[in-house]
Amino acid sequence: MDLKTTYLGMDLKHPVVASAGPLSATLDGIKRLEDGGAAAVVLFSLFEEQIRYENESFDYLIDQGADRFAESLSYFPAVEDYHVGPEKYLNLVRQASESCDIPIIGSLNGISDKGWTEYAKDIQSAGARALELNIFYIPADISLSGREVEERYLQVVRKVKGAVAIPVAVKMSPFFSSIGEMARRFVDDGADGLVLFNRFYQPDFDLDALEVMPNLELSAPSEIRLPLLWIAVLHGRLNCSLAATRGVQTGTEVVKYLMAGADAVMTTSALLRHGAGYAKTLVDDLERWMERRDYASVAQMKGSMSQQKVADPSAFERANYIKVLESYKTPYLV
Amino acid sequence: MAEAKVTTIDGNEAAADVAFRLNEVCAIYPITPSSTMAELADQWTSEGRTNIWGNVPDVVAMQSEAGAAGAVHGALQAGALTTTFTASQGLMLMIPNMYKIAGELTACVFHVAARALATHGLSIFGDQADVMAVRPTGFAQLASSSVQEAHDMALIAQAATLQARVPFIHFFDGFRTSHEVNKVTLLPDDVLRAMIDDDLVLAHRRRALNPDNPFIRGTAQNPDVYFQGREACSPFYAAVPGIVEATMEKFGDLTGRRYRLFEYFGAPDAERVIVLMGSGAEAARETVEFLSERGESVGVVQIHLYRPFSARHFFAALPPSVRAVAVLDRTKEPGSTGEPLYQDVTVALAEAAADGTWSGSRLPRVIGGRYGLSSKEFSPGMIKAVFDELAKDKPKNHFTVGIVDDVSHSSLDYDPSFSTEGEDVFRAMFYGLGADGTVGANKNTIKIIGEDPEFYAQGYFVYDSKKSGSQTVSHVRFGRKPIRSTYLIDTANFIGCHQFNFIEKMDVLAHAAPGATVLLNSPYGQKEVWSKLPRNVQQQIIDKKLKLFIIDGAQVAREAGMGSRTNTIMQTCFFAISGVMPRDQAIAKIKKSIEKTYGIKGEEVVRKNFDAVDHTIAHLYELEVPDTVTSTIEMARVVPPEAPDFVQKVTAMMMAGRGDELPVSALPVDGTFPSGTTKWEKRNISSFVPIWEPDICIQCGNCSFVCPHGVIRSKVYNQSLLEGAPETFKSAPIDIRGFPETRYTLQIYVEDCTGCTLCVEVCPAKSKEETGKKAINMGWKEPVLAGEKESISFFETLPVNDRSRVDFSTVRGTQFLEPLFEFSGACAGCGETPYVKLLSQLFGDRLMVANATGCSSIYGGNLPTTPWTVNHEGRGPSWANSLFEDNAEFGFGMRLATDMQLREAARLLKSLEAELGDELVDALINAPQITETQIRRQRERVAELKKRLVALDGPATKHLLSIAEQFVRRSVWLLGGDGWAYDIGSSGVDHVLASGRDVNILVLDTEVYSNTGGQASKSTPIGAVAKFANAGKQVGKKDLALQAISYGNVYVARVAMGANPQQTLLAFREAEAYSGPSLILAYSHCIAHGINMQHGLDQQSRAVHCGHWPLMRYNPDVRLAGENPFSLDSPRPTIKVKEYAEHELRYRMLYRTNPKEADMLMDMAQRGIDQKWKLYEEMAATGRG
């Protein structure tokens, strides 16, 4: 059975890819993901803001008590090789690229133009086969128009594409007014692939402390609906790779995403829940399903239920809603 | 020879750089001002730097200087080239080993940053009392007077000791040389190799203990041979001057820098000569040059080799024309015939006269004088005064210079305006805050200018006595000749005032030379700034024709994203307007230096600094100075008129920076100062202060409990007392049912607040409508200041709450107890002082405190103002600091005296029972004194006793009257940090705990030597980076609690106020109530942890919840009741130690420098915690360990 797929121009032995998450934060974790059966690994994101924060906090904390009192002109030993900047991340990219057979995809979350472009180049130089842009922007400024927000995203894509030669994927937000148009503009501006969709930090409230608290829950299978819809809609219409992420827990979600049109199916939550070796289980599930349904290759099933391929394309649009309503009507009551 | 490198460094680095390269073992212990030498040695070892033989020296921190000396002795005996670095009390602790090392003729060098000894008061500053105190040990003594000499003499001493076998002290003046930054030509390794004879190194090894060639050393000797054996070393001492002379000769040949045992500078036919050693010699040399050029017949003999004192060489240095000699000692030896150097000179001359070896026509007159104690200034004016005195027919002997001695009339008058400094030296003074980076920027400027081969540069920095809101004054000189001015700048060409509010507090222009350039960092714009200057400032600007430049540093910093750090901005301004270097060249150099300094901290930090430089020039402008004074603003009064007389006359002078002007008569004769003086020093160091919201407040007292500075006070009172309250005065109905007419007020002493924000962090009450608003919130001080001052005045008129009616058992209750420790100069948000304040609240009116040297003795007892205060009845903690190492014993002594006097009082009372009445006598002796009510009743009985005693007569009566107050149970507490309790004072703590006596030990555990700048102690946790543990602490901290528990009769508690304040309170009360020894280990977050101090309490909580700091109590009284004395007060760990550690830079540093090691140590830490927790749980379950 041929499970091979192509994502961002890379040949993958199967479509199950480990998405950016804590498991890929160490070389050991990446190797475990490879050993566990992932076809590629997207590394956890290099956060420009985190590097800035680290630098600034180091600068502040080391100097906060310095040169104040004659007995204690400093509180820490002088350190010559305090590593700041992206070196740690780049080392990981380098080591992972050298020691793994599967493709290593870098992931970048920048905040400045220079951060996006310079770090992208660094990641490329370190050996990443591709780069995923983890663009995270909450337009809390209520005077900002939707077009302006979109332009910010597109600007990042243009700048990064101008800086690197490796394929670049955009991990998209689902919160654009016209997702299809936005996807097209990403591709028009150079994106080689789209990852649908990014899960954003959405804080919760702590009712005891009356404080806003960070909260990121692992995804649940029901979350596949939105990406499933859009992959099905976009498949075949854009000249780019499509990857699905969110809600993958079993082979069923893998199959669904492939049939919608995904070139790769990504998961972190399932691997966190079940361990790095769970990728193999997902692939086995996929293989069993294909066997059962007599599919010879992933290529065969890819996009088979996309909007262009289903019997009723409108089922992805208005009809979807109607179908839900109609399901209340029992054929037995006339 | 390799080309010598020139650099700008301080004296400590200069000495350590050579010492490190010439030794194999360094045994170290931190003590100001020598700590830097030890820190550098440790750092270099961790970086893998090698000595000249290619080995990385083993640098080992010990538990005390006594321990370091012992380790040095042992390493020497085993054949390693070994050194140590110390000062002051540290050197005192080394004395026993020094006798041994010298007695065994063991080659080594101790490098000493000479410092005052603790006598009537402790001083961290420079004089030569310490090195003079070790004269009899048999160490040779070689003195350096400059940073270059500290470098060179370190080598000369090492080369000489190997040949002479006599150990050396190489010393230089603490701070003046150890901390002065100056331009130095570094000695390359090949010079060191050429100077150190390897055969002598091998000989040193051959003399070592060696089982292959065994012998014994250190025998016990008897009257028959000890004396002769002691004399056997004499030839070695006789040879030392010749050896040092030859060594200096060789050194001169190699480097071109020539030294002599006694250097003479001045007219060859000088009649008046000053003799001295150390940094003062540089100023003396400068003065002699100045006076000689003006025809005065003067000279100076600068001593390098002080011990052994070679009269022959001394005489050779003296010009034969000399008629009068003034010998200056930087120490005082009370009761002597004169200070040490004076004695040496007079004895040498007397002996020469007696044996006919004096070659001159007649013996010169010799007078001796003291100068420069505790870094007191020693200026050309003072030196000239000494020369002038020598010109008199009957010069004053045993004089002092630099002070006004109106008691013994020893002092010489001098002209403070006398200056030897010419226009060829550019002199700049910078007034800054510790927090604004002024000192760092100036050090950087000195480096930049010092790099220019045409220029010489010197920097010396004066720091505050407070750790928060501290001010700094930088004295910076540049010139084309070497700078020997070892004294502060008196008239400056450039004044930088980096904080606008200084202009109202101190006379920053007093030292401005006519026509000087003044740079003022001002938040006020061009139109406003002149009107904001006080009258005398305007006057001086006009009178002295000063050029005034203005920059809004804060605005530029904000624009560049630099926060509050204005260092780069002010540095750029200096270069832009001072003219010391072409502007563009200077800016290029600043940027280069920014890259070097901040490159390690990341591109972003570099970029921000670059932005700051670029923005600065655009915002800098010269103010057109008006012709007339228009201001009505007067300089702020130092203390209010209602302050006590001593505070007005003495303390206020110190506060105003004019302590140097105080005459001897103004100072206490025995170091005794009045309590409670911080209240008179309204420092106003924070622009943000807590604002109380009475409507939201639940009156829990948490904010008051944790306030490190005692600025949050509470009172409850009858509402009728609100009559006449100012409008700004806030109150709320008391939040307890059944008190309808009672009001509650939480008063913030805003002028004393440091802005640490712990109160806001701990406040649990939030507005229902606006959850971001608490019952206490930080707000701008300016709008509320005037109103709050009125409110404070009114608040102080309200009656103090009756202690006997306060619930001592709750945090809520303690807020109504007067804090008798207030407004200390500790770091903003200090983790120690809330415990100290709590102690003062609970037991302050009968508290005796023995305080180990360290942070707590500094914020507790550093002049000018001190925080231990008195209550409304005039009672309060009696506090004393003895030393660092002896505090347990010192406090124990207080207990012994107290117990003795109580017994004696009881005996006398019994003897007067018939006259005083059975009932009173019985009650005085037997009444319980546990609760506050009981103590109050006992006070009444004592008052009654005194009344009755006054009516009686006889010796027993007088004696009893003198000690009658002992009937009120005294609470003796021994305070100190972990450096004391775990390390240097460990044996004393152990012994006192084993005594069974009623003492309470409070360890303010910051897990590091905080006061001396963050060196590792035995309390430092595994994985934490600290000085002396650069690569992360490799072993876990000592469990002092378990150690104490093992005695069985010691009350032990481990507390963390930020995790469980109620448990803290309970532990303090139980410890005090327990009639035997008690030990409380109090987790104290600290600036040395590398945390945002605002979150210190959160971090305490994490320390507890990860199991690093399990809360516990062990109460032997409970065991007597048949129950388990061990109580584990914190829940099973809920987070991993890494989750706690990642919030602290001390751990994060290792993750950056060596992540694998960090992971390994963190795993070990976790395993250690898991094991310890099991043990604690078992103890809690079974009562057994």
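E604(B) counts as buried because 23 C-beta neighbours sit inside 10 Å; the label buried needs 20 or more other C-beta atoms within 10 Å of a residue's own, while 12 or fewer makes a residue exposed and anything in between partly exposed, with C-beta atoms placed from the backbone. This comes from a predicted model, where local features need pLDDT of at least 70, side-chain atom pairs count only at pLDDT 80 or more, and totals for chains, interfaces and linings use all residues. Residues are numbered from 1 along each chain as its sequence is written, and chains are lettered from A and ligands numbered from 1 in the order in which they are written.

E604(B) is part of helix α21 (residues 603–619) of chain B. Helices here are DSSP runs of H or I with at least four residues, strands are runs of E with at least two, and both are numbered from the N terminus. Leaving aside residues up to four places away in sequence, E604(B) touches R52(A), N55(A) and E56(A); contact is taken as C-beta atoms, placed from the backbone, lying within 7 Å. G561(B) is 43 residues from E604(B) in sequence, yet their C-alpha atoms are 10.0 Å apart in space.

Now for the two chains together: 31 residues of chain A are in contact with 37 residues of chain B. On the chain A side, that makes 16 nonpolar, 7 polar and 8 charged residues, with Ala, Val, Leu, Ile, Met, Phe, Trp, Tyr, Cys and Pro counted as nonpolar, Asp, Glu, Lys and Arg as charged, and the others, Gly among them, as polar. The predictor gives the complex an ipTM of 0.92 and a pTM of 0.93.

Elsewhere in chain B, strand β33 (residues 1078–1083) is mostly covered, with 6 of its 6 residues buried. S1078(B), I1080(B) and A1082(B) point one way from β33(B), and L1079(B), L1081(B) and Y1083(B) point the other way. β33(B) pairs in the parallel sense with β31 (residues 1000–1005) of chain B over 6 bridges, and with β32 (residues 1051–1055) of chain B, also parallel, over 5 bridges; pairing takes at least two DSSP bridges between the strands. Across from L1081(B) stands V1003(B), and across from I1080(B) stands A1053(B).

As for confidence, chain B averages a pLDDT of 95, and 99% of the residues score at least 70; pLDDT is the predictor's confidence in each residue, from 0 to 100.
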